[in-house]
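Visitor: Hi! Could you walk me through this structure? I'd like to start with the strands and then jump around a bit.

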Amino acid sequence: MHRVVSRLFRGVVVFALLIVCPLALPVHAAPHPAGVADGVIIASNGSMTLARNALPAPAAFGGVGHFGVFVSETITYAVEFDTLHVEYTALLPRGAQVAVDVRASVDGVNWTPWVVDLTPGAVARFDHPARFAQYRIRMLATGSSPTIHTLRLIPERATPSFSAFEQEQPPIAPTFTVHATRLGLVGRRTANGHRIGKRDRFVALPCVCVLSSRDGDEYKVRITYQGRSVVAPVYDVGPWNTRDNYWDPQDKRFFSDLRQGWPQDHAAFFDGHNNGRAQHGRVRFPTAIDIADGIWWDDFGIKGDRAVVEVTFLWMGRDPLEKPVESPPEAPAPPPNSAPPSDNAPPSADIPPPADEPSSNEDQNAGD
């Protein structure tokens, strides 16, 4: 997926640009947006504002001010698309920020990573055709609340011919060895609104593009440490960056000067990348994944707060440790010109043994 990179914008009123699509497809513009609102108020006219009692911003988004998220319901299109144009209008007082993200899916279950921080008139392009879409609105304010309204998604089919249902076998999900840290922070809220409990089981990755919905598991990783392996959802963002998709190919990375699998904070710490600094300051120790206590202590038994682990990014392909599903054996074909024996016919070798005789076939699943 081509990632659209743009900064969170500030100002007064930002008006949407009118997009003229080369192929007219249905436009999604719900008069009253349906979805899950967390700290966001939806007015009768469909506009959204940050609630006055919205919870404090998570550490991943600065930890200052109030923060809210709206995730739309799944939008179903009757035709396939590979591009989404995003239109909206936003009112941004001083100290307020709004981010609009979109993602796509072929089947409504498996999702692309979020294309994040889309300004009015921005375009999100996807590597594969899709039939389903969602948008996510993130709001942050240190003073007056931002307002967003008239959001529309305009699908476009840029590729003249394709089918969303003729997909090749997905590849094996990539695995990289990275430095990790124990998350802790019991009682605090993650970037997706989850309240961290004792012995919790989830991870944080340094990109908001793969943040699962609250209590969801759209984006999961397999973590392996000294022969033990655990699958966990991505519930938080960080610790050093919020835009480092280091698992993606180099040409799709936000840090496009770094090779795939080499996190920016690792490059800053070991190679002096960006003068040793990441988004959240000078890198004092490398860590490209934070792991909650239940996995760290109970599943892995790690002593201390740092370790080196292998991480497999499961939304990118098949789990390399998952056993393939075996097709059931085909029933043998009947012999040619066979017919039921008559009462006077001699016994035939093709007649199965009586029910009370033991069969010689062994259980084919034994030992699986």
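Guide: Happy to; we'll go through a barrel, its strands, the nonpolar cores and a disulfide.
Guide: Just keep in mind that this is a predicted model.

Visitor: Which strands close into a barrel, and in what order?
Guide: There are six, running S10-S16-S11-S13-S12-S17 around the barrel, and their pairing is mixed. From one strand to the next, the twist averages 45°.

Visitor: How does S11 run relative to S13, parallel or antiparallel?
Guide: Parallel: three bridges join S11 (residues 203-205) to S13.

Visitor: What do S12 and S13 form together?
Guide: A hairpin, with two residues between the strands. Look at Gln 226 in the turn, where phi is positive, at about 50°.

Visitor: What about S12 and S17, parallel or antiparallel?
Guide: Antiparallel, over four bridges, with S12 covering residues 220-225 and S17 residues 306-313. One place to look is Arg 222, whose bridge partner in S17 is Thr 312.

Visitor: Back to Val 221. What is Val 221 in contact with, beyond its sequence neighbours?
Guide: Leaving out neighbours within four places in sequence, its contacts include Val 203, Leu 205, Val 230, Ala 232, Ile 289, Val 311, Phe 313 and Trp 315. Val 221 also belongs to the largest nonpolar core, which has 44 residues. Within that core it is one of the residues with the most contacts, along with Leu 205, Ile 223, Trp 247, Ile 289, Phe 313 and Trp 315. Apart from that core lies another, of 33 residues, among them Ala 51, Ala 90, Ile 137 and Ile 148.

Visitor: New topic: which cysteines does a disulfide join?
Guide: Cys 207 and Cys 209, with an S to S distance of 2.3 Å. A search of the whole structure finds one disulfide. The link is right-handed, with 130° about the S-S bond.

Visitor: Are those two buried or exposed?
Guide: Cys 207 is buried, because its relative accessible area is 1%. Cys 209 counts as buried too, at 0% relative accessibility. The cut-off for buried is under 20%.

Definitions and conventions. Residues are numbered from 1 along each chain as its sequence is written. This is a predicted model: local features need pLDDT of at least 70, side-chain atom pairs count only at pLDDT 80 or more; totals for chains, interfaces and linings use all residues. Side-chain values use heavy atoms; hydrogens and water are left out. A disulfide is a pair of cysteine sulfur atoms within 2.5 Å. Buried means under 20% relative accessible area, exposed over 50%, partly exposed in between (1.4 Å probe, protein chains only). Two strands pair if DSSP finds at least two bridges between them. Axes are lines fitted to C-alpha atoms, for helices over the stretch in contact, and angles run from 0 to 180 degrees between N-to-C directions. A nonpolar core is a set of buried Ala, Val, Leu, Ile, Met, Phe, Trp, Tyr and Cys residues joined through side-chain atoms within 4.5 Å. Contact means heavy atoms within 4.5 Å.
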